[in-house]
Amino acid sequence: MRSPPMLSAYAQVICTAMSDHKDAERVAQDLARQLMHPHLGFVLFFCSTSYDLEALGQALEQYFGGLPLVGCTTAGEITPEGYGRNCVTAIGFDHQYFSVSCSLIEEMDRFSLLDAQQLVERLINDCRSNLLAPIKDHSFALTLFDGLSSREETVLAALSAAFGRIPHFGGSAGDDNHLSHTYVYFKGRFHSGSAVVVLINTWLDFEVFSTHHIQPLEEKFVVTQADRALRRVYELNAEPAAQVYADFVGVPVEALNYRLFAAHPLAVRIRDRYYVRAIQQVNEDQSLSFYCAVENGIVLTGMQPGALLPNLEQLFTGLEQRLGPLLLTIGCDCFLRRLSGEAEGVADQVSEFLRTHQVIGFNTYGEQCNGLHLNQTFTGVAIGRPGGHARR
């Protein structure tokens, strides 16, 4: 393995960029101007679906000259300036500090444990060939999913088994809250029904994390009729699901919307932790569609959001204590958290907090952390500066 490069020139270890130009070529040109340098080895980006995605994909491939480039569409962006809308935000990684390998999963419904093992083996061998750092304890993985594929759980189960002790996190692509088409980007094209897996090997200290600000109430609901494959619940407590939920919220069924879903989440308890099962929409038959897996017999607990900003402050205080000053955090922030911030009137404060703490990422239709598919969380990886605290 190579020794880490000299630490005096770490200004370009990670570069960040954003562009809100409306023209796809102008966006690619703008990002390339901000990110390109002699040691650039990999680019990760997140973009609004307001763009002509075919044109954007071609322009990015052209301006970055064949460099490895992956990304996905969003339900909002986290840029170097904080929260963004209708823009593109990106991160450039210096190949002296990061060895990166990536792969596309196209047929998620057929993705098996054997497929996962072969994919992870290819990624590890690719990273190992660069002789940067040992794979063990120096690698993490990022997954980006088509956020409307409903395949996260099955693919994550296989990937988690194959990754073993390699920590991994990720997000499900959004489409500016239209719930129509979501995409991941790989090798010059945006793909639907697919996922991208990225393995990142580095000498720098890092920590994969997940947090939420949701607190339990007393109300309990048993799922008495559901379609797991469709993530649709027809009955709660043997009554029409939408009516039961509307009664819990205290509004008519026809008044239910994604802002109320954000303010009144449901969660499943596993041991001593609660995992939100976020509602996507109400259907005409009064069933509820969810962003995460639901099935007959599970008990859902009524939840309420706590204070959003203190939750982030506590998270980053701990990260900085363990890693020292942070170089960058890649964040997968559920779009329902952003809606909660807007409802609380603290969205601008959260945006400023993310800006000052060097968070780049996107608002998701779901998050992933070490094999779990999550909702209404802030999940990601914090990366320490060169010469920071040793990983414990």
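**Close-up views of a predicted model**

View 1. The model is predicted: local features need pLDDT of at least 70, side-chain atom pairs count only at pLDDT 80 or more, and totals for chains, interfaces and linings use all residues. Residues are numbered from 1 along each chain as its sequence is written, and side-chain values use heavy atoms, with hydrogens and water left out. H191 lies in strand β11 (residues 189–191); helices (H or I, at least four residues) and strands (E, at least two) are DSSP runs, numbered from the N terminus. H191 is buried, with a relative accessible area of 7%. Buried means under 20% relative accessible area, exposed over 50%, partly exposed in between (1.4 Å probe, protein chains only). Beyond its neighbours within four places in sequence, H191 is in contact (heavy atoms within 4.5 Å) with L104, E106, T182, Y183, V184 and F186.

**View 2. Helix α1 and its cover.** Helix α1 holds twelve residues (24–35). At 1.5 Å times one less than the number of residues, α1 should span 16 Å, and its end C-alpha atoms are 17 Å apart, which agrees. D23 caps the N-terminal end: a side-chain oxygen lies 3.2 Å from the backbone nitrogen of E25. Buried in α1 are A24, V27, A28, D30, L31, A32 and L35. Their cover includes β1 (14–19), β2 (40–47), α2 (53–63) and β6 (88–94).

**View 3. The open six-stranded sheet.** The strand order is β7-β12-β8-β9-β24-β25, with mixed pairing; two strands pair if DSSP finds at least two bridges between them. β7 (98–105) and β25 (372–374) stand at the edges, each with a single partner strand, so one side of each lacks a neighbour in the sheet. Neighbouring strands are turned by 20° against each other on average, direction ignored. β7 and β12 (residues 195–202) pair antiparallel over eight bridges. V100 has I200 as its bridge partner in β12.

**View 4. Helices on the sheet.** Helix α3 (residues 113–128) packs on the sheet, touching β7 and β12, and its direction makes about 155° with that of β7. Axes are lines fitted to C-alpha atoms, for helices over the stretch in contact, and angles run from 0 to 180 degrees between N-to-C directions. Helix α4 (residues 152–163) runs at about 165° to β8 (139–145).

Methods:
A polar contact is a pair of N or O atoms within 3.5 Å; within protein, one must be able to donate a hydrogen and the other to accept it, and residues adjacent in sequence count only if both atoms are side-chain atoms.
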